[in-house]
Amino acid sequence: MRVITLIFGFLISLNMFGNEQLGKINDPDGYTNVREKPTTKSKVLFKILDTEYFYYESSEIENWCRVTNMNGRSGFMHQSRIENLSEFTINGKTYQSNESKLKVRSKKIGNTEIKISQIKNPKSYCDAYIEITSDKTKKFKYEFIEALGGSAGIAFLENVVPNHILIVKHGDYDGRTIIVSKNGQITEVAGGSVSELIDNKYLINLAECDIGYCGFSIYDILQEKIVFNYETEFELYQFKDQIIFDLDYDNGKDYHLFDFDNKEFKKLEIKENIENNYFKKTINYELENGCLCY
């Protein structure tokens with residue numbers, strides 16, 4: 001039993017994510033060059049600042065390491081410029097590097113800076129911290145996100161809604177969407193599924209639960225605000241270019257259209273069976289590129 005315990009303890013001490021190690025630079029200049037090849041005569045591909053995290057591993061060339069920054073760009077850095085981090089702290093919470101995977105991404109829209117830190121960790125599943133700074137700084141914290149019903153983590157939706165970035169949180173059957181406008185307006189709504197743009201100005205944000213939809217909100221991209229909110233279970237269909245809401249989730253066939261001008265439902269009589277025509281016009285995104293954790 002002691003042998004098994006020792007072996008288990010040794011395995012735990014290893015890096016759960018392979019040979020990569022987390023680091024920061026150790027350079028009095030405040031930045032270090034990352035080169036195409038492991039020599040000081042090689043082309044500089046990009047720079048890493050002393051405020052940035054990166055991952056590194058040994059190369060076949062002595063004293064040189066292959067590094068990868070948080071945007072996935074790779075190159076070579078002399079090991080004398082690398083400080084190994086056995087632990088790191090994000091939002092006041094400390095993580096052990098050998099059992100955690102960190103990803104930090106930054107985006108900008110207008111004068112607004114967006115920073116997202118995500119940590120995959122066996123103790124807390126997935127933690128995500130979002131910091132949005134324009135005139136003021138607003139922070140969002142999503143911890144212990146489990147991959148229930150799909151993925152867990154944060155995805156960006158860029159260049160799909162004019163003058164906006166959407167930040168979508170998945171997991172826990174508790175999706176969230178943060179809508180950031182070019183003017184710096186920040187709006188958080190329930191739901192992690194967003195429709196394509198309707199009438200060139202409206203987004204339907206769908207709150208999903210384990211039995212279907214349990215609410216939605218409508219965001220006006222011109223007014224940069226929520227103009228309608230609905231917090232009752234329903235089903236949603238797409239039929240003959242119409243978006244049809246079934247407001248009687250249990251018994252069905254209580255069909256309505258939504259009047260976007262007057263922000264109200266209108267009763268609709270349908271004789272056809274539409275129950276196989278589920279609404280599918282949501283904005284697509286690549287979880288592999290956007291979500292770290294699962």
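Asp 254 lies in the loop between β23 (242–246) and β24 (255–259) and Lys 267 in strand β25 (residues 264–267), so the pair ties together parts that are 13 residues apart in sequence. Strands are DSSP runs of E with at least two residues, numbered from the N terminus. Asp 254 is partly exposed, with a relative accessible area of 22%; buried means under 20%, exposed over 50% and partly exposed in between (1.4 Å probe, protein chains only).

A word on the model before we go on. This is a predicted model, in which local features need pLDDT of at least 70 and side-chain atom pairs count only at pLDDT 80 or more, while totals for chains, interfaces and linings use all residues. Residues are numbered from 1 along each chain as its sequence is written, and side-chain values use heavy atoms, with hydrogens and water left out.

The count of salt bridges comes to 13. In one of them, the side chains of Asp 27 and Arg 81 meet at 3.0 Å, N to O. Asp 27 sits in the loop between β1 (21–25) and β2 (31–35), and Arg 81 in the loop between β6 (74–78) and β7 (82–84), so this pair ties together parts that are 54 residues apart in sequence. Asp 27 is buried, at 12% relative accessible area, whereas Arg 81 is partly exposed at 33%. Another salt bridge joins Lys 201 to Asp 220, with the closest N and O atoms 3.5 Å apart. Of these two, Lys 201 is partly exposed at 23% and Asp 220 is buried at 0%. Salt bridges that share partners also join Lys 169, Asp 174 and Arg 176 into one network.

Now to the nonpolar interior. A nonpolar core is a set of buried Ala, Val, Leu, Ile, Met, Phe, Trp, Tyr and Cys residues joined through side-chain atoms within 4.5 Å. The largest has 18 residues, and those with the most contacts inside it are Ile 114, Ile 130, Ile 132, Tyr 142, Ile 167 and Ile 178. At least two core residues come from each of β11 (112–121), β12 (125–133), β13 (137–142), β14 (153–157), β15 (164–170) and β16 (176–181). The largest share, four residues, belongs to β12. A second, separate core of 17 residues includes Ile 198, Phe 216, Tyr 230 and Phe 279.

Aromatic rings are our next stop. Rings of Phe, Tyr and Trp (its six-membered ring) pair if their centres lie within 6.5 Å, with planes under 30 degrees apart counted as stacked, over 60 as edge-to-face and the rest as tilted. The whole structure holds 22 aromatic pairs. Phe 258 and Phe 265 make an edge-to-face pair, 5.4 Å centre to centre with 80° between the planes. Phe 258 is buried at 8% relative accessible area, while Phe 265 is partly exposed at 21%. Both belong to a cluster linked by ring pairs, whose members include Tyr 202, Tyr 213, Phe 216, Phe 228 and Tyr 230.

Key
A salt bridge is a side-chain nitrogen of Lys or Arg within 4 Å of a carboxyl oxygen of Asp or Glu.
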